[in-house]
Amino acid sequence: MSTYLDVGSACRKRRRGGEKVFKFKSFGENGCPVEFDGSFRENVKALLEYGHLENNLCNGMLSWSFQLEVHRQPPFHILFFVVEEPIEASINLHCKHCQYVGWGHHMICNKKYHFLLPSKDTIAACFNCDEINFNDPNSEKGKFNLVELQGHIMHGVFHSNGFGHLLCVNGMEMGSDLAGYQIMEFWDRLCTGLQARKVSLNDTSKKRGMELRLLYGVAYGQPWFGRWGYKFGRGCYGVNQPIYQKAIEAIQGMPLCLLNHHLSISYNDISVIFSRYQALSDHSMVNLGDLFHFMLELRPLLPKENSIDSCNPAILVETNCRWSTKRVEAATRVIVEALKRAEFRWVSRQEVRDTARAYIGDTGLLDFVLKSLGNHIVGNYLVRRCLNPVTKVLEYCLEDISTVFPNPEALVLNNSKVKPQCKITKAHLMKDISYLYKHILMKEQKPTLSTGIFSAIPMAARIILDTKFLVKEYTEELSMKVKSGLNGKFKILCTVILRNNEEIDDGLKKPMPPCECVSLKETATFDDLKLEVEKNFREVYWRLRSFVVETIVNLSAKGSDLVLRSVEMGKKIVFLGSNEDQTGMMNEVMIYECGLSSSRIVDCPCGAKEDDGERLISCDICEVWQHTRCVRIPNNEEIPHVFLCKQCEEKIVFLSSLP
């Protein structure tokens, strides 16, 4: 089996030329391919020294490639690209991703770095492997810009200040030979190694048509990306962190007994599915969160397809037993018969024990069997055990599961161990998850779920689905304190205020750029610090290319004073300055990532006050923007040519009624 990204003779020529092949599973770790011990920009530069410089790949933008070995046998290699996009070459000056996640107040950076794992289709669009010679600098490597193409396995972009966005992850479901978790682990290693600051993503991940942020939110209380530390960043339609958390708790805590009672009338399979997984669980499942959590945890333990006498040992319940098999079987039959006579109602443990004692004199054996039978299968019955929430008494009941499993197996007793065995496959499990997702979590429900406490389900699901922007903080600013390092150097956090020469200083009222970590020698003075601050901020920000420090805002110190002796541990230093070149200065609005969006007035009935990436419409009178969904314009309908908000419409009606 050859690599799926077979770039033919071109790759073979490059390997003969001495290009190194790196291990995919360790790429990005410290020492692979380089020791990452500087700032984000310094680490990126160090990484690119090990890349193969490409020619004519991205419309003149500098780009580097790395060959990564996923596994040796069978041989499987992929190409990883890094593209440097200077501000002069950017098609879009402003970053909509920064705007949507709440970083619109950041200044525009001088550069962006794109990190790409191209797919078969995108690599084919940029490389014509049969005709191209990689060693020929004049060869044209495709008609498309790799950065602009859609459908990559992975595409992430970083601003030069270390803030980035993961734009796409396409795993096996989208035709990749890499699983989604492999791609995410690669990305996470890369961000950690490069010492990224913060990374955002727009979570639209799906599996078999199911939104994973809803499915995993119910099962684990966090999205699928939460496994790598991504948390709530910003919600759409006015959703905030407390609202999101309450929605998660509301839908997780929905009692299964009530859902079963109301839904089993309309959907017989609901009751069957509930019973099936309760039978497989060691513990009583009380609410919807318990059920989905158990089902997703069970998935990797199951076989893909049915096989004769297959049974996964990870889902079998084993209990040590010092009584003989015959005696345990006899006690079990007596207890089940006692519960049958209760006509499937809940019976207290003491009542069951007293009834069984008429036939079994060994109370120790009865206690053992009662303890072992909780939520276990015996023949065609599931013995349910639950603590009564009112009386706090342990109760039992029987549930007929003769229709639950395609091939139910009775209680197996051998080697003095109780083992209820039930066959179920991964495909069967996913079908059940899909069914529950469709009929409980989504809108394909009958009126039974639109009243009472059940009305919370569609509302909570909508809130979770409206929470798409997630953020992970890789380098905490609070940990980047004034501290001594190796080679007699220390680091300090600094930021700047840009003052307009024509006005009195009101810089403190303006948003400041994120702090930069400046590295200095232990003997550095404040004059040295000012020069380093000027150098760092000129390198990072487009608007600050001619920035000159004038004074320190929050610290009184002479230029000859030693920084290390004057700055308290953890203190951030703020510098005031201006640009030397004020000619042809652009509008202040145009220097921030949000661009002209900051001049929009957003005031939506949902509570949103900023553009969150959802479709908006502007009132033709007051020019206030609102979500089309919130003013009852469906997403599948075009925006009307004339639109009036509710307030303006009411004013017009009121004025027209005046004499």
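Which residues form one aromatic cluster?

## The aromatic cluster

Let's start with the rings. In this predicted model, Phe22, Phe24, Phe27, Phe40, Phe66, Phe80, Phe115, Phe158, Phe186 and Trp187 come together as one aromatic cluster.

Take Phe158 and Trp187, which make a stacked pair, with 5.6 Å from centre to centre and 20 degrees between the planes. The label is stacked because planes under 30 degrees apart count that way. This pair ties together distant parts of the chain: Phe158 is in strand S6 (residues 154–159), while Trp187 belongs to helix H5 (residues 180–194), 29 residues apart. Both Phe158 and Trp187 are buried.

## An edge-to-face pair

Now for Trp224 and Phe225, whose rings pair edge-to-face, at 5.0 Å centre to centre and with 75 degrees between the planes. Trp224 and Phe225 are both buried.

## Arginines over rings

Two arginines are worth a look here. Arg600 has its charged end over the ring of Trp625, 4.1 Å from the ring's centre. Arg629 lies over the face of Tyr237, and the distance to that ring centre is 3.6 Å.

## Helices H12 and H13

On to a helix pair. Helix H12 (residues 349–356) and helix H13 (residues 363–372) have axes that come within 11 Å and cross at roughly 135 degrees, which means H12 is oblique to H13. Their crossing is right-handed.

Which residues make the contact between H12 and H13? From H12 come Arg349, Val352, Arg353 and Ala356, and they meet Thr363, Leu366, Asp367 and Leu370 of H13.

Technical notes
Residues numbered from 1 in each chain as written. Predicted model: local features only at pLDDT ≥ 70, side-chain atom pairs only at ≥ 80, totals over all residues. Heavy atoms only, no water. Phe/Tyr/Trp six-rings, centres within 6.5 Å; stacked < 30°, edge-to-face > 60°. Helix = DSSP H or I, 4+ residues; strand = E, 2+ residues; numbered from the N terminus. Buried < 20%, exposed > 50% of the residue type's maximum accessible area, 1.4 Å probe, protein only. Lys NZ or Arg CZ within 6 Å of the ring centre and 35° of its normal. Axes fitted to C-alpha atoms, helices over the stretch in contact; angles between N-to-C directions. Parallel < 35°, antiparallel > 145°, perpendicular 65-115°, else oblique. Left-handed = near helix turned anticlockwise from the far one by under 90°. Contact = heavy atoms within 4.5 Å.
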